[in-house]
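Reader: I'm new to this one. Could you show it to me and take a few questions?

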Amino acid sequence: MEKGDLYPVFAAKECYAGSIVNIPGCIYGPRHQSELQILLLHSGSMLTTIGHKQIDLKPGQMMLLLPDQQVHIAFSSQEETWHRWITVFEYDIDVKILEMMHQLPQHRLISEQMNRLLDALVGIQRQNIPGSSAVLNTLALSVFQQYAIECKNDVKELTVHPAVTLVQTLIQERYHEELTLSLLASKGCISVSYLVRLFRQNTRMTPMQYIWKYRMERGVELLRTTGLTVKEIADRCGFKSPYHFSRIVKTNKGLTPTDIQKGKLK
């Protein structure tokens, strides 16, 4: 895209976000692409043929698929392949906008911002909240705009290691349960020591620090949006006691849980 070009703007009417682990040797297509789609590869490999062009997608990369493309994907034959995606099935898009999107690079590194957008989409999708389609469609548009922004600005943000993403997903889904380093490492298919090192490199925290921070943030959300007691919230978020929860909240937010319930957190 030339400097000054518009970012993608279109009306998303139906979309779906998902996450899947494919067994070795899976094949997708060949098929004629009619949807707007972005794939994020976290582990394994995806040898993709678009028309006459081949893309050997690696973990930590994402790929843009657009209408009127013939697509064939061969997943790794040696290992499981984990990828996430956002697909817009029904949309209204101006021909010039679509032409502009066809000029974008077809693959690039996954940025942290893109990971977060997919986290939000997949999370909302899994909860199956009534009336959430408008939110999903808005977030879907944001994903494609973010892709274009990163291409135009040549964003070179380092991708998060796939094992870290796997473990973060587990933590976000089961943060209220007892989680051990051994369990987390097994999820990432790596050793405990390597997991700790990767987390320090990618998040500047240890896995356990990440868990307690995530639990604390979810607890603060409940303090601000529900009438649950401090004890009930502590129990729901995996804290050892109300005192433990209160101490971590005070350390990170500078306020007690009671202060937050009173609306003092800005």
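Predicted model: local features only at pLDDT ≥ 70, side-chain atom pairs only at ≥ 80, totals over all residues.

Author: Residues are numbered from 1 along each chain as its sequence is written, and side-chain values use heavy atoms, with hydrogens and water left out.

Reader: How is helix 7 oriented to helix 9: parallel or perpendicular?

Author: Helices here are DSSP runs of H or I with at least four residues, strands are E runs of at least two, and both are numbered from the N terminus. Helix 7 (residues 207-225) and helix 9 (residues 242-253) have axes 10 Å apart, at an angle of about 95°; axes are lines fitted to C-alpha atoms over the stretch in contact, and angles run from 0 to 180 degrees between N-to-C directions. Angles of 65 to 115 degrees count as roughly perpendicular, so helix 7 to helix 9 is roughly perpendicular.

Reader: In what order do the four strands of the open sheet come?

Author: Strands pair if DSSP finds at least two bridges between them. The edges are strand 2 (27-33) and strand 5 (53-57), each pairing on one side only. The pairing is antiparallel, and the order is 2-7-4-5.

Reader: Which residue of strand 7 is the bridge partner of I50?

Author: Strand 4 (residues 46-50) and strand 7 (residues 69-75) run antiparallel, joined by five bridges. In strand 7, I50's partner is V71.

Notes
Parallel < 35°, antiparallel > 145°, perpendicular 65-115°, else oblique.
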